[in-house]
Amino acid sequence: MTDTCKFGEQAVPPPPSLRLRVEGDAIADNWRALDAMSGPAKTAAAVKADAYGVGIERAMPALLQAGCRDFYVAHWAEVAGAAAFVDPSGIGVLHGPSSVEDCAYARAIGVRPVLNSMRQAGLWQETGGGRCDLMVDTGMNRLGLRPEQLGDPMVQGLDVDVLMSHLACADEDSAMNERQRASFAAVIAQVPHRRTSLANSAGIALGAAFAFDMTRPGIALYGGVPRPEMASAIRQVAFPEAAIIQVRDVPAGETVGYGATYRATRDLRIGIVALGYADGYLRCWSDVGVFRDGEAELPVLGLVSMDMTVIDLSAAPHLGEGDWIGADYDLPVAAKRTGLTQYELLTSIGPRLRR
Ligand SMILES: *Cc1c(COP(=O)(O)O)cnc(C)c1O
């Protein structure tokens with residue numbers, strides 16, 4: 001750089017006015033709780049989608065420290081993020097290889113592809129084979145070979161580490177759970193493999209018969225409670241927090257925000273918070289969300305904007321510009337309030353908040 005090009009060079013950006021506080025200890029505790037519920041089975045961790053939005057760089061160290069050794073991502077582009085923390089042989093890639101390039105990358109890094117179709121299995125074998133995981137579809141009709149395809153000599157020749165299937169209704173009391181468990185149990189003897197795996201987070205609560213050799217929780221590691229049996233064991237992990245960037249007094253009768261949907265019924269002191277739907281604090285929180293300052297509840301007034309949310313400061317009149325507050329984001333409660341799933345609430349958390 002020459003000295004004619006110095007704009008911004010020395011300037012360090014000031015700290016942001018929003019953040020996602022992530023409690024790594026809670027991730028570790030949640031993994032230990034799920035591992036205990038998994039009985040003698042080993043407990044892996046789904047860390048796809050940037051560890052469900054909480055950040056892979058925060059999740060991986062906590063999971064490793066807790067004792068987790070098996071990790072799953074969905075995309076090939078997610079491999080490097082996980083491989084920065086753990087021996088790549090402990091990483092599985094759920095989407096499997098769609099191309100020769102995917103296979104070459106898997107071998108170069110040393111991660112295991114999860115083979116999900118005859119085409120993927122053939123591609124893996126033709127490009128040299130090697131250790132892999134194999135997904136069998138036991139009724140979800142998403143990814144995986146059909147049970148009747150497992151006898152194929154090409155499939156029989158695979159070097160399968162984890163033979164797995166995935167439950168469609170584990171968060172419900174559905175007869176489908178037992179049907180899938182039984183069909184998985186029935187195919188296990190048909191393919192040579194080292195380990196077996198069926199249960200996601202919710203599946204762990206279905207009991208020992210669903211644990212097989214390894215469980216694969218995701219959402220519950222990050223504070224989701226997919227079945228009530230887990231409620232007492234799972235701690236909240238992700239806490240959106242933001243600064244109040246303006247405080248103002250609204251006379252009774254005036255309105256607040258886009259659409260003028262909220263009308264003050266008395267004189268109000270309100271705070272403008274630097275968190276909006278671009279950060280994943282979606283419009284469904286309009287008039288529904290609550291921010292908190294200690295015990296004080298500060299309800300959202302009117303529509304959430306792209307970069308801002310307006311709150312009622314009546315219960316915490318001491319708050320002023322620059323003060324930080326947290327949004328209520330306990331996942332099971334938040335899901336009931338908004339109609340979103342706990343998965344959506346976590347994974348929609350935006351990049352401005354994560355950094
Ligand atoms: C995402 C995923 C998991 C984890 O599921 P949760 O419901 O988040 O616990 C486990 N197995 C597979 C195949 C997955 O795609």
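**Packing and aromatic rings**

Author: A185 counts as partly exposed, with a relative accessibility of 35%. The scale runs as follows: buried is under 20% relative accessible area, exposed is over 50%, and partly exposed lies in between, with a 1.4 Å probe and protein chains only. This is a predicted model, in which local features need pLDDT of at least 70, side-chain atom pairs count only at pLDDT 80 or more, and totals for chains, interfaces and linings use all residues. Residues are numbered from 1 along each chain as its sequence is written, and side-chain values use heavy atoms, leaving out hydrogens and water.

A185 sits in helix α8 (residues 175-187). Helices (H or I, at least four residues) and strands (E, at least two) are DSSP runs, numbered from the N terminus. F212 is 27 residues away from A185 in sequence, and their C-alpha atoms are 9.0 Å apart. K336, in helix α10, is exposed at 75% relative accessibility. Its C-alpha atom is 31 Å from that of E321, 15 residues away along the chain.

Now the background. The protein chain has 12 helices and 18 strands. Its C-alpha atoms fill a box of roughly 75 × 65 × 35 Å along the principal axes. Of its 355 residues, 50% are buried. A contact means heavy atoms within 4.5 Å. Among contacts between residues at least 6 apart in sequence, 63% join residues at least 24 apart.

Next, the rings. There are 7 aromatic pairs in the structure. Rings of Phe, Tyr and Trp (its six-membered ring) pair if their centres lie within 6.5 Å; planes under 30 degrees apart are stacked, over 60 edge-to-face, and the rest tilted. One of the pairs is Y52 with Y222, a tilted pair at 5.0 Å centre to centre, with 35 degrees between the planes. This pair links distant parts of the chain, 170 residues apart. Y52 belongs to helix α2 (residues 48-52), while Y222 is in the loop between β10 (214-215) and β11 (238-250). Both Y52 and Y222 are buried.

W285 and Y329 form another tilted pair, with centres 6.0 Å apart and planes at 40 degrees. It too links distant parts of the chain, here 44 residues apart. W285 is in the loop between β14 (268-273) and β15 (290-293). Y329 is in the loop between β18 (324-327) and α10 (331-338). W285 counts as buried because its relative accessible area is 2%; Y329 does so because its value is 3%. W285 and Y329 also belong to one aromatic cluster with Y281 and F291.

Two arginines sit over rings. A charge is over a ring if NZ of Lys or CZ of Arg is within 6 Å of the ring centre and within 35 degrees of the ring normal. R19 lies over the face of W324, 3.8 Å from the ring centre. R21 lies over the face of F239, at 4.3 Å.

Last, a helix. In α3 (residues 56-66), the buried residues include I56, A59, M60, A62, L63 and A66. An α-helix has 3.6 residues a turn, so residues three or four places apart point the same way. The buried residues of α3 pack against α1 (24-37), β3 (45-46), α2, β4 (71-73) and α4 (79-83). G67 follows α3 and has a positive phi, near 120 degrees.
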